[in-house]
Amino acid sequence: MAIEQMTMPQLGESVTEGTISKWLVSPGDKVNKYDPIAEVMTDKVNAEVPSSFTGTITELVGEEGQTLQVGEVICKIETEGANPAEQKQEQPVASEAAETPAESAEAASQPNKKRYSPAVLRLAGEHGIDLDQVTGTGAGGRITRKDIQRIIETGGVQERPEKPKTAAPAPVSAPKPEPKEEISYPASAAGDKEIPVTGVRKAIASNMKRSKTEIPHAWTMMEVDVTNMVAYRNSIKDSFKKTEGFNLTFFAFFVKAVAQALKEFPQMNSMWAGDKIIQKKDINISIAVATEDSLFVPVIKNADEKTIKGIAREITDLAKKVRDGKLSADDMQGGTFTVNNTGSFGSVQSMGIINYPQAAILQVESIVKRPVVMDHGMIAVRDMVNLCLSLDHRVLDGLVCGRFLGRVKQILESIDEKTSVY
């Protein structure tokens, strides 16, 4: 017999932590490898975590509602068929405990001494905490967000003991953390309704705050005449639904136009990576799908290679998965650019928050009829739509964004009855 540890998996790009929303097993339960054992929620996806071993659950380390860093232990499983010698080596040996506590702490922390999650770096920076003075409690001595929060609450850094030295240097005092800023929240009054914040809403709030605080947002807008596109789609939508079994929406035309323009302007399909900008090869369009209390961003993979019909099918399938609660981790991963259908609820102008770590998000507003001055001074009623682009000004500038939007406009305004959706 051997005790194996299950750790919090990484359920998406840039995901550093997950919240256990529900345990599907209890101590004493027998599980097979790949059996689902827990439901975990991140800022990108809700997913079932499969067991990595066949055996018996001995301990649930993480509690429901608890947020753990990727790599932290969530439960322990007793497995069969392990080598007893290997099992013995994994346990601490009393006879080898001759090294000092300082040496033990230093050895334990060394493997991950310089690796910190974004949440740890952000909290430490906000409160002036010197991470070299912090002893981590995570796997391999890694400093976790809980370690930093504990220091913030206690008001100081617990310095790591040092080995005895022959010549002690002059003492250097560790920098004191700045006082924790008190946040004042509104109080409920009689008759008010208090709505608990769900884990999904907390994750959305955290991701949106990170995007707005880390990314220098800029914004631009362009209006597009989609009269011919509207007439063409309306003329074929009934026969398309009868033949294909799903709706041909306006949104599919917009996503296809954006995917085509991204291929011609690859700078838009980029991400900020500190000392470099990563220009992504694949064009994977994230689309925002809202429920009554949550927002999910599933991904249409390789959208530039798909027809308008193929994109329409994926929009329908992904939206159904969101409504049915069946969205998988893979459905949410790999997005390189986001298109948001804000026009679906009547918006005509808006500024989207960029879907971190992407460099831009395009808001497709409501199509409205407006009088427009045409060539030769004539006035006509046309179907017009605003395209609103939020951009990461570290990665993108106004010139390339203007040209990109201009190309999307050109593609949309050229759609007519000769355009094939297949």
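**Exercise 1. Find the order of the strands in the open sheet and the sense of their pairing.**

Solution. Four strands line up as β1-β8-β6-β3, and they pair in the antiparallel sense. Two strands pair if DSSP finds at least two bridges between them.

A word on the model: it is predicted, so local features need pLDDT of at least 70, side-chain atom pairs count only at pLDDT 80 or more, and totals for chains, interfaces and linings use all residues. Residues are numbered from 1 along each chain as its sequence is written, and side-chain values use heavy atoms, leaving out hydrogens and water.

**Exercise 2. Work out how β3 pairs with β6.**

Solution. Start with the count: β3 and β6 (residues 55-60) are joined by two bridges, antiparallel. Then pick a bridge: Lys30 has Thr56 as its partner in β6.

**Exercise 3. Locate His376 and describe its backbone and exposure.**

Solution. First, His376 sits in the loop between β18 (368-373) and β19 (379-392). Next, its phi is positive, about 65°, although His376 is not a glycine. Most residues other than glycine have a negative phi. Finally, His376 is exposed at 81% relative accessibility (exposed is over 50%, buried under 20%, partly exposed in between; 1.4 Å probe, protein chains only).
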